[in-house]
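The tour goes from selection to selection.

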Amino acid sequence: MLSTPFRSAMIAIIHVFHKYSGHKCKLKKAELKELVNNEMSHFIINIQEKETLDELFADLDQNGDLEIDFQEFIALIAMMTSTCHDLFSTDHRR
């Protein structure tokens, strides 16, 4: 199967999630913070304050189990991608 940029991006997202969630396939707060700070710092400011982490975590943890599963994590990816799209689209209109 030939690799396409889209397929490579999806595989990269899955690998990053599993890098931080491990075999349990769920992120705790500390793991989410580490993932965001290490992998997303070009798009989101580093999480320094506990309140910022608590707010992000609460927004993502839709089922209230105090862990972020892959589907909940994808909500973060979708929000970031949408924001980046808006920024890039604005740049292209000029």
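The stops below cover the nonpolar core, the salt bridges and the cysteines.

This is a predicted model, in which local features need pLDDT of at least 70 and side-chain atom pairs count only at pLDDT 80 or more, while totals for chains, interfaces and linings use all residues. Residues are numbered from 1 along each chain as its sequence is written, and side-chain values use heavy atoms, with hydrogens and water left out.

**Core**

Select Leu27, Leu32, Met40, Phe73 and Leu76. These touch the most other members of the largest nonpolar core, which has 17 residues. A nonpolar core is a set of buried Ala, Val, Leu, Ile, Met, Phe, Trp, Tyr and Cys residues joined through side-chain atoms within 4.5 Å. Buried means under 20% relative accessible area, exposed over 50%, and partly exposed in between (1.4 Å probe, protein chains only). Two or more residues of this core come from each of α1 (5-21), α2 (29-39), α3 (50-60) and α4 (70-93). Helices (H or I, at least four residues) and strands (E, at least two) are DSSP runs numbered from the N terminus.

Now centre on Met40. Leaving out residues up to four places away in sequence, Met40 touches Leu35, Phe73, Leu76, Ile77 and Met80; contact means heavy atoms within 4.5 Å.

**Salt bridges**

How many salt bridges does the count come to? The count is six, with a salt bridge defined as a side-chain nitrogen of Lys or Arg within 4 Å of a carboxyl oxygen of Asp or Glu.

Select Lys19 and Glu39, whose side chains form a salt bridge at 3.2 Å, N to O. Lys19 lies in helix α1 and Glu39 in helix α2, so this pair ties together parts 20 residues apart in sequence. Lys19 is exposed at 57% relative accessible area, whereas Glu39 is partly exposed at 31%.

Next, select Asp65 and Lys26, a salt bridge at 3.1 Å, N to O. Asp65 sits in the loop between α3 and β2 (68-69) and Lys26 in strand β1 (residues 26-27), 39 residues apart.

Then go to Lys50 and Asp54, where the closest N and O atoms are 2.8 Å apart. Both lie in helix α3, four residues apart, about one turn of the helix.

**Cysteines**

Last, select Cys25 and Cys84. Cys25 is partly exposed at 30% relative accessibility, and Cys84 is buried at 18%. The disulfide count is zero, a disulfide being a pair of cysteine sulfur atoms within 2.5 Å.
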